[in-house]
Amino acid sequence: MNSGMQSQSNPAARLRALSGIQPTGRFHWGNYFGAIRQYIELQDVGEAFYFIADLHALTTVREPDRLRGFVRDAAIDLVALGLDPERATLFVQSDVPEVAELTWLLMTVAPMGLLERCHAYKDKKAKGLAADAGLFTYPVLMAADILAYDADVVPVGEDQVQHIEVCRDLAGTFNHLYGTDVFRLPKPRLVDGAAKVPGTDGQKMSKSYENTIELFEEQAAQKKKIMRITTDSRPMEASKNPEQDHLYQLFSLVGSPEDVSEMAELYQRGGFGYGEVKKAIVAAAKDTFATARERRRKLESNAHEIDEILAVGAKRARAVAGHVLERAREACGLSRSSGRRPE
Ligand code: ADP
Ligand code: TRP
């Protein structure tokens with residue numbers, strides 16, 4: 001029926017993965033081990049589109065210079081961590097204005113009740129905080145983000161699955177209402193091994209809890225932070241269950257498999273101090289991120305390179321989003337006959 005669906009029926013076509021990440025702060029270990037690492041791995045499996053969700057971030061970051069800084073840092077961090085602009089398309093959400101128009105089209109088929117049930121808005125309201133329409137309609141923008149690129153799979157953390165369901169819902173409603181198959185229905189892909197990364201206080205690592213270990217913070221500061229991670233006061237001699245200890249969990253993210261199993265034995269045997277584990281985390285983190293730190297240092301001193309990567313990414317992304325938007329405009333009667341807008 002519609003050209004947009006062709007590759008879906010062609011088994012040889014490569015799956016297209018798409019995901020976005022909000023530039024609301026510097027990335028931390030939770031973001032990397034819980035999400036970014038898996039996004040980057042997917043660039044070798046099929047086509048990959050990744051963007052920095054600056055429009056979404058506007059619902060929380062209201063200082064222009066900070067936002068600009070976060071966007072830039074996010075781009076540099078992602079490339080430093082291994083996102084390869086040759087294999088994946090990396091771009092900034094607001095560089096693709098087609099998405100904003102698509103958001104409106106989807107807004108007209110979005111039931112209020114559906115959005116009222118979405119947790120970002122619901123949680124804020126439950127806390128008695130004032131929410132704006134941006135937060136309320138956040139899932140519609142997210143749906144447009146996904147549908148604009150004919151994404152097949154959307155790798156996300158557990159917290160975002162509800163939004164993918166909303167996206168499927170809106171796409172299905174639009175398709176049904178206008179008797180088309182304009183939108184490809186995406187599937188969420190829960191990122192593998194995305195265990196909850198603990199923060200320096202043992203709770204889930206999150207910027208909102210101020211318990212993060214940032215990926216690229218200065219090494220001496222990072223060491224200090226790690227050495228101050230809270231621990232329990234069990235005696236040194238006691239045997240401990242490694243799986244229940246947040247220091248062990250952190251070590252298992254950065255340590256080599258051999259070192260991690262040795263550490264597990266040490267826990268079971270007992271007779272060690274937590275200071276040793278902390279030092280092991282510091283040393284292993286240094287090795288794990290050495291290459292990324294080096295790449296980051298180079299990218300930072302070469303402003304043009306990252307601008308160029310984002311410009312190329314935006315161009316590729318706009319080409320895809322432009323087609324999808326045209327299909328949607330035509331389906332609902334916005335474009336006149338030829339399906340083209342006057343120049
Ligand atoms: P924060 O909680 O610091 O604000 P975000 O909500 O911006 O982090 O996180 C972006 C993505 O990073 C999340 O959707 C989730 O997949 C992942 N993530 C964040 N923190 C953790 C964590 N502690 N453990 C595992 N994954 C996490
Ligand atoms: N809402 C997502 C988050 O907070 C970020 C995001 C925006 C996204 N648009 C998206 C993720 C589209 C996947 C697909 O983590």
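**Exercise 1.** Find the angle at which helix 4 and helix 15 pack, and classify their orientation.

*Solution.* Step 1: helix 4 (residues 64-81) and helix 15 (residues 290-300) pack at about 135°, and their axes are 8 Å apart. Helices here are DSSP runs (H or I, at least four residues), numbered from the N terminus. Axes are lines fitted to C-alpha atoms over the stretch in contact, and angles run from 0 to 180 degrees between N-to-C directions.

Step 2: helix 4 and helix 15 are therefore oblique to each other. The classes are roughly parallel under 35 degrees, roughly antiparallel over 145, roughly perpendicular from 65 to 115, and oblique for the rest.

Step 3: on the helix 4 side the contact (heavy atoms within 4.5 Å) is made by Asp73, Ile76, Asp77, Val79, Ala80 and Leu81. Helix 15 supplies Ala292, Arg295, Arg296, Leu299 and Glu300.

Step 4: these contact residues of helix 4 and helix 15 comprise six nonpolar, no polar and five charged. Ala, Val, Leu, Ile, Met, Phe, Trp, Tyr, Cys and Pro count as nonpolar, Asp, Glu, Lys and Arg as charged, and the others, Gly among them, as polar.

The model is predicted: local features need pLDDT of at least 70, side-chain atom pairs count only at pLDDT 80 or more, and totals for chains, interfaces and linings use all residues. Residues are numbered from 1 along each chain as its sequence is written, chains are lettered from A and ligands numbered from 1 in the order in which they are written, and side-chain values use heavy atoms, with hydrogens and water left out.

**Exercise 2.** Which residue forms a salt bridge with arginine 68?

*Solution.* Step 1: the partner is aspartate 65, with the closest N and O atoms 2.9 Å apart. A salt bridge is a side-chain nitrogen of Lys or Arg within 4 Å of a carboxyl oxygen of Asp or Glu.

Step 2: because arginine 68 and aspartate 65 are three residues apart in helix 4, about one helical turn separates them.

Step 3: the whole structure contains 20 salt bridges.

**Exercise 3.** Describe how helix 13 packs against helix 12 and helix 14.

*Solution.* Step 1: the axes of helix 12 (residues 246-254) and helix 13 come within 9 Å and cross at roughly 165°. That makes helix 12 roughly antiparallel to helix 13.

Step 2: Leu247, Tyr248, Phe251 and Ser252 of helix 12 meet Asp259, Val260, Met263, Ala264 and Tyr267 of helix 13. The residues of this contact divide into seven nonpolar, one polar and one charged.

Step 3: helix 13 (residues 257-269) and helix 14 (residues 274-288) cross at roughly 170°, their axes coming within 12 Å. Helix 13 and helix 14 are therefore roughly antiparallel.

Conventions: Helix = DSSP H or I, 4+ residues; strand = E, 2+ residues; numbered from the N terminus.
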